[in-house]
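These are my notebook entries on a structure that I went through step by step. I wrote down what I looked up and what I found.

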Amino acid sequence: MAVKDIEKPSMTCPRGLLIGTRPGFCNAQAFYPPATATDNCAVNSLQAVNGPANGSFVSPGDYTVTFLARDTSNNVQTCPVFFTVYDAQPPTIQCPSNMDVDTLPGLCTTTIVYPLPTALDQCGPPTITRVSGPASNTVLGVGLHRVEYSARDSGSNFATCSFTITVRDPLAPRITCPSDITADNDPGVCSAIVDFGSPSADNNCNIAFQQIAGPVSGSTLDLDTSTTIEYRGTDPFGLSSTCSFSVAVNPDAELPSIVCPANIDVDADEGGCTAIVTFDHAMASDNCEGVNVAQTAGPNSGSAFPQGPTTVSFKA
């Protein structure tokens with residue numbers, strides 16, 4: 001009687017092995033642990049029958065190595081070893097140098113043109129994408145602009161770089177002040193409230209205006225005076241220029257008001273042809289202090305007035 005072994009070997013194969021590429025190369029040396037086998041009798045042989053040889057150089061991708069175990073009774077069993085080679089190196093990307101660009105003459109903008117970044121990767125040309133900031137051949141205003149690019153390779157590794165574009169206004173701003181102002185006093189007062197506008201600039205380069213001399217708009221000014229208003233305009237790069245205008249307030253042009261006493265009718269004094277008449281002084285007011293009232297015609301109060309009408313006049 002013969003006893004025959006019909007039981008296959010038992011095998012264990014590693015799974016899920018990850019191997020990164022070598023620095024500077026788009027391959028990896030694939031070292032993977034071999035399968036193991038046991039048998040109820042004895043294992044006669046264990047070998048890889050397909051797939052990359054252990055220690056060989058392979059490109060990124062998924063690989064299967066099939067191992068076969070054979071026992072002394074010629075029973076066989078197979079199992080696969082799975083491993084993945086992945087691109088472990090990010091690409092390199094080089095952006096242009098930082099740029100300083102002047103605005104175009106008479107404008108507060110310029111069109112910027114810059115070379116695109118360059119990128120390299122050991123596994124082929126990466127994809128270059130602008131992440132933020134203005135594209136080349138874009139019109140930009142004065143100020144600092146940051147541009148960022150990224151490079152992504154076939155293994156989804158990425159790298160970024162950035163640079164700045166500074167748009168400068170090389171000329172001092174040309175500013176224009178309001179025209180000279182002449183004002184009369186406000187009705188009923190001995191002064192004038194004078195309002196005036198702000199200066200203007202011949203461009204839109206974010207000019208900051210500062211009044212450096214004279215009263216501010218809306219101030220109350222005395223009559224018969226003249227003052228100079230001066231402004232300074234400064235751009236974001238510290239370049240500045242000034243302008244000025246005058247504000248003159250005329251002398252008092254408002255007439256005073258005067259009120260005379262009412263007309264007086266009196267009888268002649270007994271036994272005479274005149275009458276002693278007294279009356280109040282005329283009253284006057286004015287928008288400015290210091291109004292004076294003077295009698296300009298007729299007898300003074302308390303004088304003997306002749307028979308008939310007599311006119312008494314006052315002047316303020």
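Predicted model: local features only at pLDDT ≥ 70, side-chain atom pairs only at ≥ 80, totals over all residues.

**Entry: aromatic rings**

Which residues do ring pairs link into a cluster? I found Tyr32, Tyr63, Phe67 and Phe83. When I searched the whole structure, I found eight aromatic pairs. One of them is Tyr63 with Phe83, a stacked pair with 5.3 Å from centre to centre and 15° between the planes. Tyr63 belongs to strand 7 (residues 61-71) and Phe83 to strand 8 (residues 76-86), so that the pair links distant parts of the chain, 20 residues apart. For strands and helices I kept to DSSP runs, numbered from the N terminus: helices are H or I with at least four residues, and strands are E with at least two.

I then looked up accessibility, where buried means under 20% relative accessible area, exposed over 50%, and partly exposed in between (1.4 Å probe, protein chains only). Tyr63 has a relative accessible area of 21% and is therefore partly exposed, whereas Phe83, at 2%, is buried.

Phe196 and Phe245 make an edge-to-face pair, with 5.2 Å from centre to centre and 75° between the planes. Phe196 lies in the loop between strand 19 (191-194) and strand 20 (200-201), and Phe245 lies in strand 24 (residues 240-249), so the pair ties together parts that are 49 residues apart in sequence. Phe196 is buried at 12% relative accessible area, and Phe245 is buried at 3%.

**Entry: strands and a sheet**

For pairing I used this rule: two strands pair if DSSP finds at least two bridges between them. I found four strands in an open sheet of mixed pairing, in the order 10-16-15-13. Its edge strands, each pairing on one side only, are strand 10 (99-102) and strand 13 (127-132). Strand 10 pairs with strand 16 in the parallel sense over four bridges, and Met99 has Ile165 as its bridge partner in strand 16.

Strand 26 (residues 274-277) runs antiparallel to strand 29 (residues 303-306), and four bridges join them. Here Ile276 stands opposite Ala304 in strand 29.

**Entry: positive phi in two loops**

Phi of Ser156 is near 65°, and Ser156 sits in the loop between strand 15 (143-152) and strand 16 (158-168). Phi of Asp224 is near 60°, and Asp224 lies in the loop between strand 22 (219-222) and strand 23 (225-234). Is Asp224 buried or exposed? Asp224 counts as exposed, because its relative accessibility is 56%.

Key: Residues numbered from 1 in each chain as written. Heavy atoms only, no water. Phe/Tyr/Trp six-rings, centres within 6.5 Å; stacked < 30°, edge-to-face > 60°.
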